[in-house]
Amino acid sequence: MINLYKIIASVGQNARIFFTGQHPYFKYLIILLSSIGGIGFSLFLVVFVVIFFADQLYLLPICFSNKCFINSYENYSSAFNIAKSTLDLIVLTATVGAIFVALLSYLSTLKSSCFTNHISHLTLFQDFFTEEVRKRGRPRKLSATPDLSGTVLPLCPIPNSALKSARSFSSVKLKASP
């Protein structure tokens with residue numbers, strides 16, 4: 001008897017570990033299904049007992065003929081309808097819930113995949129950039145930029161803000177286009 005208790009406790013603990021280790025919404029789905037089943041089958045049991053005592057079915061003789069089984073089913077038909085409706089609701093909820101959990105799992109995987117791709121591309125660009133800087137040597141600061149006509153313009157065209165050695169804008173002579 002004690003071994004049976006240990007086995008049942010072990011199975012219950014393993015089931016709990018299995019269900020809580022899944023997707024977070026899977027746990028809520030299991031709780032919802034258990035609640036629907038508990039309420040539905042409790043209602044079935046209450047109706048079954050009420051019918052048993054209200055119709056005084058306990059006074060009927062015990063028989064195992066086909067006619068007795070049909071008669072018993074007809075007497076308890078409302079209780080059996082409650083049990084059937086409960087099972088139908090559990091199946092419907094489980095189907096919709098499983099689709100919802102699968103969708104959330106897919107979206108979570110997609111988000112993780114996008115993040116992984118972003119990190120991979122960032123690392124690739126960083127390696128490329130580092131290699132290009134290493135190939136070209138140390139970056140140099142440009143002092144002037146040539147325009148299309150070949151004239152070299154100062155780095156900063158605003159007077160008094162350029163280096164003292166740089167020519168001002170007024171000293172630059174533009175070439176006339178032909």
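## Glu132 and Lys135

Glu132 and Lys135 are 3 residues apart in helix H4, so about one helical turn separates them. Helices here are DSSP runs (H or I, at least four residues), numbered from the N terminus. The two side chains form a salt bridge at 3.1 Å, N to O; the term requires a side-chain nitrogen of Lys or Arg within 4 Å of a carboxyl oxygen of Asp or Glu. Lys135 is exposed, at 55% relative accessibility (exposed is over 50% relative accessible area, buried under 20%, partly exposed in between; 1.4 Å probe, protein chains only).

## Basis of the model

The model is predicted, with local features needing pLDDT of at least 70 and side-chain atom pairs counting only at pLDDT 80 or more, while totals for chains, interfaces and linings use all residues. Residues are numbered from 1 along each chain as its sequence is written, and side-chain values use heavy atoms, leaving out hydrogens and water.

## Arg134 and Glu131

Arg134 and Glu131 also lie in helix H4, 3 residues apart, about one turn of the helix. Their side chains meet in a salt bridge with an N to O distance of 2.3 Å. Arg134 is exposed, with 56% relative accessible area, whereas Glu131 is partly exposed at 33%.

## Asp88 and Lys84

Helix H4 spans residues 77–136, and within it Asp88 and Lys84 are 4 residues apart, which means a separation of about one helical turn. A salt bridge joins their side chains at 3.1 Å, N to O. Asp88 is partly exposed, at 40% relative accessibility.

## Whole structure

Searching the whole structure gives 3 salt bridges.

Methods: Helix = DSSP H or I, 4+ residues; strand = E, 2+ residues; numbered from the N terminus.
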